[in-house]
Amino acid sequence: MPASDIRIIQPSSDIHIFNLPHYCPVNGTVDETAQKIRDMTIRGAGRIARAGSEALGDFARSYKGNDIDRFREDLKKAADTILSSRPTAVSLLNGVNYTIKGADREESVDAARELIIRNSELFCESSLKAAETVARIGAKRIADGDVIMTHCNSSMAIGVIKEAFRQGKDIRVYATESRPWRQGLITVRQLAEAGIDTTLIIDSAVRTVMEWTDKVFVGADTVTSQGYLVNKIGTSQLALSADEARVPFYCCTETYKFSPLTIDGDIVPIEERDVSEVVSPGDIPGSVKVFNPVFDTTPAKYIDAYITEEGVLSPGSVYGIMIEKFGYNRKE
Ligand code: RI2
């Protein structure tokens, strides 16, 4: 059962599962985008942040009306709608905050609109640029002949692996299935399409395969001020197995997945999704409970480095970068 310092959140709506989408053009209304994030048509910590930011940009672009007070109220509702879609990845919160930053100081709807559209474009551009930088930096940690393990479907980890391969390094990759959503199938498809020697493993094969793995690369949903990693359920098992086998464990992440809220003591909420993702009706007796947490926490001591657009960071240096990027607004 969950440890006492983890808060479990249940999604409120029905969930459509097992369709494994990995790309979806956004351009939707705020409600449509929030729904696509909730049902995981749009997924991945970086992608949901850009989708949320773009939806707010579209909200501003299509806003009718000239009453600035009304605009601020509607903007807040739109931001809250996006934020309510998934609770764990702080990328969504940081993306939304970046997009609406300064809008409350504007005195006309036109000025606020322009600011939000510009912020949204800047956020999406800098997010994609950060991904390129992380790929370039991370690829240096991969040597010719390396056997790599990755978990779930992280565009950041995949970017690093693909960049190393593009540079001509001969690598092999083991990718976990990542039950229950099986995002690992997206990963193996993406790696195989790039021409990389790829093997799919079930989640419980991690410890066996770790024996001949050279390095582990995973993504992040949230990184705390203590340098702890919150990522797809099962990540901590990879980290423990890697530690036992003396295999370096790297997390590839943009710094907007760092959570400034954790400086002030906030606990990262861990999403729990519907039972139907794990079992079908009739699979098990009705008296059996099902626990389906989506993410877990890996303590800093199991993480060799965070590979970010600001460079390769130790977990202990996350706090300093967090203060630099987000400041610290203590809640009194
Ligand atoms: P990128 C995913 O969450 C996985 O936990 C993955 O490691 C993380 O987002 C980061 O993804 P989910 O949306 O930003 O599948 O690296 O629950 O693509």
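**Close-up views of the predicted model**

**View 1. Surroundings of Glu-309.** Leaving aside residues up to four places away in sequence, Glu-309 touches Ala-130, Thr-133, Val-134, Thr-253, Glu-254, Thr-255 and Lys-325; contact here denotes heavy atoms within 4.5 Å. This is a predicted model, in which local features need pLDDT of at least 70 and side-chain atom pairs count only at pLDDT 80 or more, while totals for chains, interfaces and linings use all residues. Residues are numbered from 1 along each chain as its sequence is written, and side-chain values use heavy atoms, with hydrogens and water left out. Glu-309 is placed in the loop between strand E11 (305-308) and strand E12 (311-313). Helices (H or I, at least four residues) and strands (E, at least two) are DSSP runs, numbered from the N terminus. One of the residues touched, Thr-255, makes a side-chain to side-chain polar contact with Glu-309 at 2.6 Å. A polar contact is a pair of N or O atoms within 3.5 Å; within protein, one must be able to donate a hydrogen and the other to accept it, and residues adjacent in sequence count only if both atoms are side-chain atoms.

**View 2. The interface of domain 1 and domain 2.** The chain is divided into domain 1 (13-132) and domain 2 (136-326), with bounds that come from an automatic or database domain assignment. To the contact, domain 1 gives 30 residues and domain 2 gives 36 residues. The centres of the two domains, taken over C-alpha atoms, are 25 Å apart. About 2,600 Å² is buried between domain 1 and domain 2, and 62% of this lies on carbon and sulfur atoms; buried area is the accessible area (1.4 Å probe) that two parts lose on being put together, summed over both. Across this interface there are 12 residue pairs in polar contact, with both residues at pLDDT 80 or more. Helix H2 (45-61), helix H4 (90-100) and helix H5 (109-139) are the elements that give two or more residues to the side of domain 1 that touches domain 2. That side holds 15 nonpolar, eight polar and seven charged residues. In this classification, Ala, Val, Leu, Ile, Met, Phe, Trp, Tyr, Cys and Pro count as nonpolar, Asp, Glu, Lys and Arg as charged, and the others, Gly among them, as polar.

**View 3. Salt bridges.** The count of salt bridges comes to 17, each being a side-chain nitrogen of Lys or Arg within 4 Å of a carboxyl oxygen of Asp or Glu. The interface of domain 1 and domain 2 is crossed by one salt bridge. Arg-86 and Glu-271 join their side chains in a salt bridge with an N to O distance of 2.9 Å. Asp-69 and Arg-72 form another, their closest N and O atoms being 3.3 Å apart. Because Asp-69 and Arg-72 are three residues apart in helix H3 (residues 68-83), about one helical turn separates them.

**View 4. A sheet of three strands.** The strands of this open sheet follow the order E6-E7-E10, with antiparallel pairing. Strand E6 (222-223) and strand E10 (295-298) stand at the edges, each with a single partner strand, so one side of each has no neighbour in the sheet. Two strands pair if DSSP finds at least two bridges between them. Strand E7 (residues 229-232) and E10 run antiparallel and are joined by four bridges. Lys-232 has Phe-295 in E10 as its bridge partner.

**View 5. The loop between E3 and H7.** Pro-180 lies in the loop between strand E3 (172-176) and helix H7 (184-193). The peptide bond from Arg-179 to Pro-180 is cis, with omega near 0°. Ser-178 is also found in the loop between E3 and H7. Although Ser-178 is not a glycine, its phi is positive, at about 65°.
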